[in-house]
Amino acid sequence: PRSAAMSETVTLTAYSALVPALPLADAAARFGAEHGVRIEVKPGRPEKWLPALKAGAPADLMSCGAEFLLDLAEADGLVEPGTRVGVGHRKAALIVPKGNPAGISGLTDFARPGLRMGISVEGCSLGLWDEVASRAGLREQVRSKITRRAGGCGALLGLVSRAEVDAAIGWSNFDQVPNFEVEVVPLPSELMVFRSTGVGVVKGSANRAVAERFVSWLVSASGRDIYRRWGWEVA
């Protein structure tokens, strides 16, 4: 049943990184239907929309695929202190074009001549290749194969999907992102890197109470189930 506090339609605006926007939009639709709230999810690169929020664009919520991005936002005074929650985490994996034409099975394949690797220089995958390759003791070999640098996960997925690179290091649920023809090659547990996806209330939200209620719902059993279905690991 809808609460009295939400008896009049409230509209929330949520800015989100591209891939985390997929479960967030599902959750927004379900919560909105249950509580009579309209939640508009605006997906895009945080490096694009964070400056807009800093400049005063109206917003109620933000979601990023790594906690360091929310740390930066909170340091800039864009997040209401104490409102952030982690809705789940993802583990690093090798991402290859559909069919895996280069036959990539693990990081040791990066010793092969001519292999082309893509990395992200923005967003939640920033620096991920270094963390994974350093754990494997293959930092120099992997770095020598980097041929393309993408602005965020969507651009990285595009490089892989179009086979402009043979592999990238991304997240284990990238094969669930619509419109990209990619496959996931799991990494062994000793090379596993996890990063948490977080959601927080934007400072100055005109609908803070409702926004906080939605954030709380995201970490309920119903909310966690949605993230789990999209490939996040949740408690």
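A residue is called buried when its relative accessible area is under 20%, exposed when it is over 50%, and partly exposed in between, as found with a 1.4 Å probe on protein chains only. By this scale Asn179, at 76% relative accessibility, counts as exposed. The structure is a predicted model, in which local features need pLDDT of at least 70 and side-chain atom pairs count only at pLDDT 80 or more, while totals for chains, interfaces and linings use all residues. Residues are numbered from 1 along each chain as its sequence is written, and side-chain values use heavy atoms, with hydrogens and water left out.

**Nonpolar cores**

- A nonpolar core is a set of buried Ala, Val, Leu, Ile, Met, Phe, Trp, Tyr and Cys residues joined through side-chain atoms within 4.5 Å.
- The largest such core has 66 residues, and Ile39, Leu61, Leu107, Phe214 and Leu218 touch the most other members.
- A second, separate core has 13 residues, among them Trp49, Cys64, Leu78 and Val202.
- Contact means heavy atoms within 4.5 Å. Apart from its neighbours within four places in sequence, Leu218 is in contact with Leu24, Ala27, Val87, Val199, Gly223, Arg224 and Tyr227.
- In soluble globular proteins, nonpolar side chains tend to be buried together.

**Helix H1 and its two partners**

- Helices (H or I, at least four residues) and strands (E, at least two) are DSSP runs, numbered from the N terminus.
- Axes are lines fitted to C-alpha atoms, for helices over the stretch in contact, and angles run from 0 to 180 degrees between N-to-C directions.
- The axes of helix H1 (residues 21-35) and helix H7 (residues 208-218) come within 11 Å and cross at roughly 115 degrees.
- The crossing of H1 and H7 is right-handed; a crossing has this hand if the near helix is turned clockwise from the far one by less than a right angle, and is left-handed if the turn is anticlockwise.
- On the H1 side, Leu24, Ala27, Ala28, Arg30, Phe31, Glu34 and His35 meet Arg213, Phe214, Trp217 and Leu218 of H7.
- The residues of this contact of H1 with H7 comprise seven nonpolar, one polar and three charged. Here Ala, Val, Leu, Ile, Met, Phe, Trp, Tyr, Cys and Pro count as nonpolar, Asp, Glu, Lys and Arg as charged, and the others, Gly among them, as polar.
- H1 also packs with helix H8 (residues 221-229), at an angle of about 145 degrees and with the axes 9 Å apart.
- The crossing of H1 and H8 is right-handed. Pro23, Leu24, Asp26, Ala27 and Arg30 of H1 make the contact with Ser222, Ile226 and Tyr227 of H8.
- By class, the contact of H1 with H8 has five nonpolar, one polar and two charged residues.

**Helices with a buried face**

- Helix H3 (residues 67-75) has Leu69, Leu70 and Ala73 buried. Seen down the axis of H3, these buried residues fall within an arc of 95 degrees, so they line one face of the helix. The arc is that of the directions from the helix axis to the C-beta atoms.
- The face of H3 turned away from the buried side carries the exposed residues Leu72 and Ala75.
- The cover over the buried residues of H3 includes helix H2 (46-54), strand E3 (61-64) and strand E9 (194-201).
- In helix H4 (residues 128-136), the buried residues include Leu128, Trp129, Val132 and Ala133. They cover an arc of only 115 degrees around the axis, which puts them on the same side of H4.
- The buried residues of H4 pack against several elements, including strand E4 (85-97), helix H5 (139-143) and E9.
- An α-helix has 3.6 residues a turn, so residues three or four places apart point the same way.
- Gly77 follows H3 with a positive phi near 75 degrees, and Gly137 follows H4 with a positive phi near 70 degrees.

- Most residues other than glycine have a negative phi, and most peptide bonds are trans.
- Ala163 is not a glycine, but has a positive phi of about 55 degrees. Ala163 is in the loop between helix H6 (153-161) and E7, and is partly exposed at a relative accessible area of 35%.
- Asn179 is not a glycine either, and has a positive phi of about 75 degrees. Asn179 lies in the loop between E7 and E8.
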